[in-house]
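Trainee: I would like to take a close look at one part of this model with you. Could you walk me through it once it is on the screen?

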Amino acid sequence: SQLLPTVFKNDDPKPALAVCSPNTGDGKSYFAANLAIAFSQLGGRTLLLDADVRSPRQHEIFGLPNEHTNNGLSGVLAGRAQSNVIRPIDALSSLYIMPVGVVPPNPLELVQKPTFDILLNELVRKFDYVIVDTPAAEHGADARVIAAKCGAAIALCRQGKTSAKALQSLVKSLKSSGTQFAGTIMNSYTGSGRRK
């Protein structure tokens, strides 16, 4: 409800929302998946774009095959994409996913390409909501680059794990990239394997 009037207001086109976190294991991919499900249940066509080209997870979360083919984001950005790179989720009629496909040897170079800008511009016109999972900031500049191209970003941290310094560094880099910063989410981990 906070994101609807701020990020996904009636702009044409709306920005994509990059979900970022300082470290691997913060719960960013699960949060991005749940956020995409929530928006799809509002009735708008929602795309979850897995742009974590270093350690993709969305195909696992949704039980999709991620064969060693060019049938995903990395194939599109490398100019070798096959058909059907956007996959519908049968249980949720308004939700679609574009997985990474092959994990590339040059992830930052791929997301810096103008092809990624062109792809995002096309996707935000075809879908009501575009949620983008990004690599953890500890891997380098990928998240900042992707967030700048998306136009909006949210930062996720994990209680008892994320340091204040790492979170502050991520927020500062997102704000300096010129993207609209939509806020911070704290993922509470109970220690028993359950997230709140």
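Trainee: Which strands does helix H7 lie across, and at about what angle does helix H7 run to S6?

Mentor: Happy to, and please keep in mind that this is a predicted model. Helix H7, residues 142-150, lies across S1, S5 (129-133) and S6, and its direction makes an angle of about 140 degrees with that of S6. To place those strands, look at the sheet they belong to: seven strands form an open sheet with mixed pairing, ordered S3-S4-S2-S5-S1-S6-S7. Its edges are S3 (87-89) and S7 (180-187), each of which pairs on one side only. On average, neighbouring strands here are turned by 25 degrees against each other, direction ignored.

Now zoom in on S1 and S6. S1 (residues 16-20) and S6 (residues 151-158) run parallel and are joined over five bridges; in one of the bridges, Leu 17 has Ala 152 of S6 as its partner. A further helix, H8 (residues 164-176), lies across S1, S6 and S7, and runs at about 180 degrees to S6.

Phe 8 lies in the loop between helix H1 (3-6) and S1, while Phe 39 belongs to helix H2 (residues 28-40), so the pair ties together parts 31 residues apart in sequence. Both Phe 8 and Phe 39 are buried, and together with Tyr 129 they form one aromatic cluster.

Terms used:
Residues numbered from 1 in each chain as written. Predicted model: local features only at pLDDT ≥ 70, side-chain atom pairs only at ≥ 80, totals over all residues. Heavy atoms only, no water. Pairing = 2+ DSSP bridges. Helix = DSSP H or I, 4+ residues; strand = E, 2+ residues; numbered from the N terminus. Axes fitted to C-alpha atoms, helices over the stretch in contact; angles between N-to-C directions. Contact = heavy atoms within 4.5 Å. Buried < 20%, exposed > 50% of the residue type's maximum accessible area, 1.4 Å probe, protein only. Phe/Tyr/Trp six-rings, centres within 6.5 Å; stacked < 30°, edge-to-face > 60°.
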